[in-house]
Amino acid sequence: MSSDLDTIYALSSGALPAGVAVVRISGPEAFAACQAIAGAVPQPRRARLMRLADAEGGAIDTGLVLAFRAPASFTGEDCVEFHLHGGRAVVRAMLDRLSAMPGMRHAEAGEFTRRAFENGKLDLVEAEGLSDMIVAETEMQRRLAMEQAGGALSGLYEGWARELTHARAMIEAELDFSDEEDIPGSVSATIWDGVAATTEAIRSHLEGGQAAEIIRDGYQVVIAGPPNAGKSSLLNALARRDIAIVTDVAGTTRDILEVQLDIGGYAVRLYDTAGLRETEDVVEAEGVRRARALAEKAELVLLLNDLSEQMSEASELTDRDCLRIGTKVDMVSGETGGYDLVLSAKTGEGLDRLIAAIGDRLAVRLGGLSLSLPVRERQRGYLREALTHLEAALAARTLSPEFPSEALRAAAQSLGRITGRVDVEDLLDVIFSSFCVGK
Ligand SMILES: Nc1nc2c(ncn2[C@@H]2O[C@H](COP(=O)(O)OP(=O)(O)OP(=O)(O)O)[C@@H](O)[C@H]2O)c(=O)[nH]1
Ligand SMILES: [K+]
Ligand SMILES: [Mg+2]
């Protein structure tokens, strides 16, 4: 990143053209830029309609201007927002105007949020939550992001870190006074019970990590089955779009195709795969290999079978959670036993039941969970590290008093790295570069 003394600007709102486009400016020159462009700086936190001029004094646009004086802004620096008409040429003219001003440059990805972090406006977990909030597409993704962005998760980590620091202080006090008769040994026992409880809490919190990942990245559902079972037709019907090629030729699909669905507020990634069969065709064989590999790591496999054909064996495919589905029910009359459900991609019969069945699986797997979950591998890595230190501390508690105290310090430090309270300078470039520009 370039110097923090630069004043940065960027289009902070979405794709153009749009009704309104917000250009945000942050840094020491923000108010000077506002003065030059709008002729004045409006009273902080009050929207004011102003004429926005180019370098020659001609009008770029007329728009709302908002000023925030440091430190009472998102970044903690002086900030200005121009709410422009969201045309490409309007925004281009404003960005050109800003780039020509001394001390101003375009913001890098995540740079506004990075400045907010560096100025103590939010911690790392909150910053990561903001980034997730921007890309959240389903209700559960939004709620999960909100737990992080709103500080609930940070509060948990800081609470644990505080408990460990307190425990360490008590243990060290006991070491210092261990010669004196009147310090009861039971103090230490109580402290260690507390440490054990915190250790357990961290362990069970970590176990929620997989659920967090499923909510954030999507619950993976793989459509599998023999050629011509109607897999691609089902994908298209559920997506309500003509995504996959459907023909009556067995072996039509080779590549894996993916669509995102929203089922009960959860993101579901649905995959169409090549029909499973032995084949001499090298391209199709590669498709079959990929289909099997994907089914092995799916949360749920939909094993499709044409109702007029013999049922294929699920156990040969995967040991994952599986729904057996009989297809093309519009073509058959009579016996449809042995399936979890039957449907027709052609008429739409049974599709609601399938969506409900997937929703039930999701509810069993993810329902009723607190959404204070460790969403990112970065967070889980430090939690595992803290756990390792705590287990070492608990194991050594009766052996040497100095070692456990040091291990507790290390555990609290690992927790501090999650929120960025403890130095994580080396990580910042990685974390913030994954943000979008303008955030
Ligand atoms: N009548 C009827 N025909 C269907 C239905 N679903 C699929 N078909 C037909 O079955 C044939 C195969 O459908 P696909 O969706 O391509 O089957 P697939 O399982 O993706 O086939 P591969 O990609 O080759 O493995 C096509 O001719 C479809 O029109 C259905 O519900 N009813
Ligand atoms: K086909
Ligand atoms: Mg297909």
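Author: Helices here are DSSP runs of H or I with at least four residues and strands are runs of E with at least two, numbered from the N terminus. Using those, Pro71 sits in the loop between β4 (59-68) and β5 (79-86).

Reader: ok, and what kind of model is this?

Author: A predicted model, where local features need pLDDT of at least 70 and side-chain atom pairs count only at pLDDT 80 or more, while totals for chains, interfaces and linings use all residues. Residues are numbered from 1 along each chain as its sequence is written, with chains lettered from A and ligands numbered from 1 in the order in which they are written.

Reader: Back to Pro71, then. Which residue does the cis peptide bond join to Pro71?

Author: Ala70 is the partner in that cis bond, and omega is about 5°. Leu16 and Pro17 are also joined by a cis peptide bond, with omega about -5°. As for where Pro17 is, look in the loop between β1 (7-11) and β2 (18-26).

Reader: How is the chain split into domains?

Author: The bounds come from an automatic or database domain assignment. For the protein chain, domain 1 covers 7-121, domain 2 is made of 127-208 + 374-420, and domain 3 covers 216-366.

Reader: How far apart are domain 1 and domain 3?

Author: Taking their C-alpha centres, domain 1 and domain 3 lie 49 Å apart.

Reader: Now helix packing. At what angle do α12 and α13 pack?

Author: Helix α12 (residues 377-396) packs on helix α13 (residues 402-419) at about 165°, and their axes are 8 Å apart. The axes are lines fitted to C-alpha atoms over the stretch in contact, with angles from 0 to 180 degrees between N-to-C directions.

Reader: Parallel or antiparallel, then?

Author: Roughly antiparallel, so α12 and α13 run against each other in that sense. The cut-offs are under 35 degrees for roughly parallel, over 145 for roughly antiparallel, 65 to 115 for roughly perpendicular, and oblique for the rest.

Reader: Which residues of α12 and α13 meet?

Author: On the α12 side they are Gln379, Tyr382, Glu385, Ala386, His389, Leu390, Ala392, Ala393 and Ala396. Those meet Phe403, Pro404, Ala407, Leu408, Ala410, Ala411, Ser414, Leu415, Arg417 and Ile418 in α13. Contact here takes C-beta atoms, placed from the backbone, within 7 Å.

Reader: And how do α4 and α5 cross?

Author: Helix α4 (residues 124-135) and helix α5 (residues 139-149) cross at roughly 155°, and their axes come within 7 Å. That pair is therefore roughly antiparallel too. From α4, the contact uses Val125, Glu126, Glu128, Gly129, Leu130, Asp132 and Met133. From α5, Arg142, Ala145, Met146, Gln148 and Ala149 take part.

Reader: At what angle does α5 cross α8?

Author: Roughly 125°, with the axes of α5 and helix α8 (residues 209-217) coming within 8 Å. That makes α5 oblique to α8. Met140, Gln141 and Leu144 of α5 make the contact with Ala212, Ile215 and Arg216 of α8.

Note on methods. Contact = placed C-beta atoms within 7 Å.
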